[in-house]
Amino acid sequence: MSSIRLLIPLFVAIATSTAAADDPTPKTLGLGDLAPMRQVSLKNVDGRQITIAEAAGKKGTLIVFSCNHCPWVKMWQKRIARIGNAAIGQGVGVIAINSNDPSEFPEDGFDEMKVRAKQLGLRFPYVVDETSEVARAFGAARTPEAFLFDAEGKLVYHGTIDDNARDGRAVKQPWLKQAVEALAAGRAVPTAETKALGCSIKLREKTAS
Amino acid sequence: MPAPAREILALASRRRARATLVNVWATWCVPCREEFPLLLRLAREYEPRGLELLLVSADFDDRLPAVRRFLAAQGVTDTSYLKAEDDMSFIDALSPRWSGALPATFVYDGAGRQIAFWEGKADEARLRKSLEEALAKRSSMEDSSP
């Protein structure tokens with residue numbers, strides 16, 4: 001039997017001497033960057049095509065990279081639905097994007113997305129990124145991962161939903177909700193960048209151009 | 001088992017590995033489970049050359065029985081670790097460029113310098129290249145020492 005130990009200080013010891021790393025991690029949008037691929041047509045669960053530009057609200061746009069299978073998404077999905085549905089009423093457009101290759105996880109297929117959207121009562125589009133190019137353009141790496149843009153299309157919040165995936169009642173930092181409310185009210189977003197563990201996005205293979 | 005910071009830091013400072021491979025995983029992460037056999041195979045292969053594998057579960061503490069079962073099924077007998085701080089601190093301490101996506105793999109040389117980092121399932125060719133690079137750095141340091 002293996003033994004399990006807590007680890008944090010060991011990480012601190014190692015990570016303080018980090019050097020440049022050779023990695024294929026995508027370059028993620030930074031605060032102030034404009035949303036890419038706004039005019040790309042994406043298939044929504046209602047069967048219609050929609051673009052990010054069409055989903056935009058007068059006060060801004062919330063884009064959440066999501067999926068069906070990921071345990072972290074499942075823990076947060078009701079909160080994502082609540083925040084997204086509320087954002088619509090506040091003048092912030094919302095679109096959830098599934099960039100996962102469903103051949104990796106059949107649960108992420110289009111039919112399953114339709115069922116999930118209905119179960120959650122989503123009042124915003126839940127669309128398929130059929131080439132995963134939207135995720136690549138944003139530098140999105142995990143689900144769930146949120147990008148909030150202001151009315152000018154500039155990124156004002158990037159990160160996770162809140163500080164407690166497992167227990168919504170124990171959340172102390174409702175980062176995304178606060179960001180949306182601040183944007184809608186014309187205030188500065190209080191915490192603009194956050195992180196949490198999540199599932200890696202299972203990108204489709206790039207197709208030859 | 002919870003351990004005070006000084007104990008863990010003492011453990012870290014006692015390490016004599018020529019290279020360290022850190023993998024952050026979770027029992028409910030399918031790609032994490034899929035890449036496990038590769039990590040263990042490479043760890044065994046490179047161990048005689050001084051590689052140490054540190055497996056870090058990001059499971060919640062109530063999943064500890066499942067973590068133990070998985071490790072036992074994989075034949076892991078060495079000490080493994082469990083993340084025990086908030087996500088953001090944990091992620092940024094390992095790498096500010098890490099989004100938090102699992103699995104995540106980090107390769108360090110013998111001096112504790114991060115040689116490689118990536119998110120998502122590990123690729124064997126990439127792992128080997130990084131491990132060779134990490135081990136070579138240590139060797140070159142030894143060659144140049146008086």
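In chain B, what share of the contacts between residues at least 6 apart in sequence joins residues at least 24 apart? And is strand S9 of chain A buried or exposed?

Guide: Welcome! This is a predicted model, where local features need pLDDT of at least 70 and side-chain atom pairs count only at pLDDT 80 or more, while totals for chains, interfaces and linings use all residues. Residues are numbered from 1 along each chain as its sequence is written, with chains lettered from A and ligands numbered from 1 in the order in which they are written.

For chain B, the share is 68%; a contact means two C-beta atoms, placed from the backbone, within 7 Å. In chain A, residues 24 or more positions apart account for 75% of the contacts with a separation of 6 or more. Chain A holds 6 helices and 10 strands, which are DSSP runs (H or I, at least four residues, for helices; E, at least two, for strands) numbered from the N terminus.

Now to your strand. All 5 of the 5 residues of S9(A), residues 155–159, are buried, so the rest of the structure largely encloses this strand. Buried means 20 or more other C-beta atoms within 10 Å of a residue's own, against 12 or fewer for exposed and in between for partly exposed, with C-beta atoms placed from the backbone. Across chain A, 45% of the 209 residues count as buried.
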